[in-house]
Amino acid sequence: ALAAAQERGTKLEGLTVQIVQKAGVDGRLFGSVTNYDIVEALTKQGHEIERSQVRMPDGPLKQVGEYKLQVALHADVIVAINVAVLGES
């Protein structure tokens, strides 16, 4: 399990995921980006991740911008990904 997690980790490390949400003029989202949205975006790119593996220490993302989040694939394998939240009016 550890070797498989490490292999998946090398594919995910430094990956950037773009998520488009409706946002106001000031860059605040009309909702929020949750771990569910991030898992959905990663699945579209061919990565299988569970919601519980996405670490969001500050809770759901509520602003347009770039965020560094962690994905825990295994107790010893934690990789950093970038999440770019883009606003659409």
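Student: Which residues does Gln53 touch, not counting residues up to four places away in sequence?

Tutor: Contact means heavy atoms within 4.5 Å. With that cut-off, and leaving out residues up to four places away in sequence, Gln53 touches Arg8, Gln70, Val71, Ala72 and Leu73. Gln53 itself lies in the loop between H2 and E3. The model is predicted: local features need pLDDT of at least 70, side-chain atom pairs count only at pLDDT 80 or more, and totals for chains, interfaces and linings use all residues. Residues are numbered from 1 along each chain as its sequence is written, and side-chain values use heavy atoms, with hydrogens and water left out.

Student: Is Gln53 buried or exposed?

Tutor: Buried means under 20% relative accessible area, exposed over 50%, and partly exposed in between, with a 1.4 Å probe and protein chains only. Gln53 has a relative accessible area of 12%, so Gln53 is buried. Val77, in strand E6, counts as buried because its relative accessibility is 8%. Buried residues make up 37% of the 89 residues in the protein.

Student: How many helices and strands does the protein have?

Tutor: Helices (H or I, at least four residues) and strands (E, at least two) are DSSP runs, numbered from the N terminus. The protein has 2 helices and 6 strands, in the pattern α-β-β-α-β-β-β-β along the sequence.

Student: What is the strand order in the open sheet?

Tutor: Two strands pair if DSSP finds at least two bridges between them. The open sheet has 4 strands in the order E1-E6-E5-E3, with mixed pairing. E1 and E3 are the edge strands, each pairing on one side only.

Student: Which bridges hold that order?

Tutor: Go through the pairs in turn.
- E1 and E6 run parallel, joined by 7 bridges; Thr16 stands opposite Asn82, and Val20 has Leu86 as its bridge partner.
- E5 (residues 65-74) and E6 (residues 77-88) are antiparallel, with 9 bridges; Gln70 stands opposite Ala80 and Glu66 opposite Ala84. These two strands form a hairpin with 2 residues between them.
- E3 (residues 54-55) pairs with E5 in the antiparallel sense over 2 bridges; the bridge partner of Val54 is Val71.

Student: Where do the helices lie relative to the strands?

Tutor: Axes are lines fitted to C-alpha atoms, for helices over the stretch in contact, and angles run from 0 to 180 degrees between N-to-C directions. H1 lies across E5 and E6, at about 35° to E6. H2 packs on the sheet and touches E1, E3, E5 and E6, and its direction makes about 125° with that of E1.

Student: How many residues are in the largest nonpolar core?

Tutor: In soluble globular proteins, nonpolar side chains tend to be buried together. A nonpolar core is a set of buried Ala, Val, Leu, Ile, Met, Phe, Trp, Tyr and Cys residues joined through side-chain atoms within 4.5 Å. The largest one here has 24 residues, and those with the most contacts inside it are Leu12, Ile38, Leu42, Ile49, Leu73, Ile81 and Val83. H1 (2-12), E1 (16-22), E2 (28-33), H2 (35-44), E5 and E6 each supply at least two residues of this core. E6 gives the most, with 5 residues. Leu12 touches, beyond four places in sequence, Leu42, His47, Ile49, Val71, Leu73, Val79, Ala80 and Ile81.

Student: What is the radius of gyration of the protein?

Tutor: The radius of gyration is taken over C-alpha atoms, and the globule rule is 2.2 Å times the number of residues to the power 0.38. With 89 residues, a compact globule would have a value near 12 Å; the protein has 13 Å, which agrees. Along its principal axes the C-alpha trace spans about 45 × 25 × 20 Å. Among contacts between residues at least 6 apart in sequence, 56% join residues at least 24 apart.
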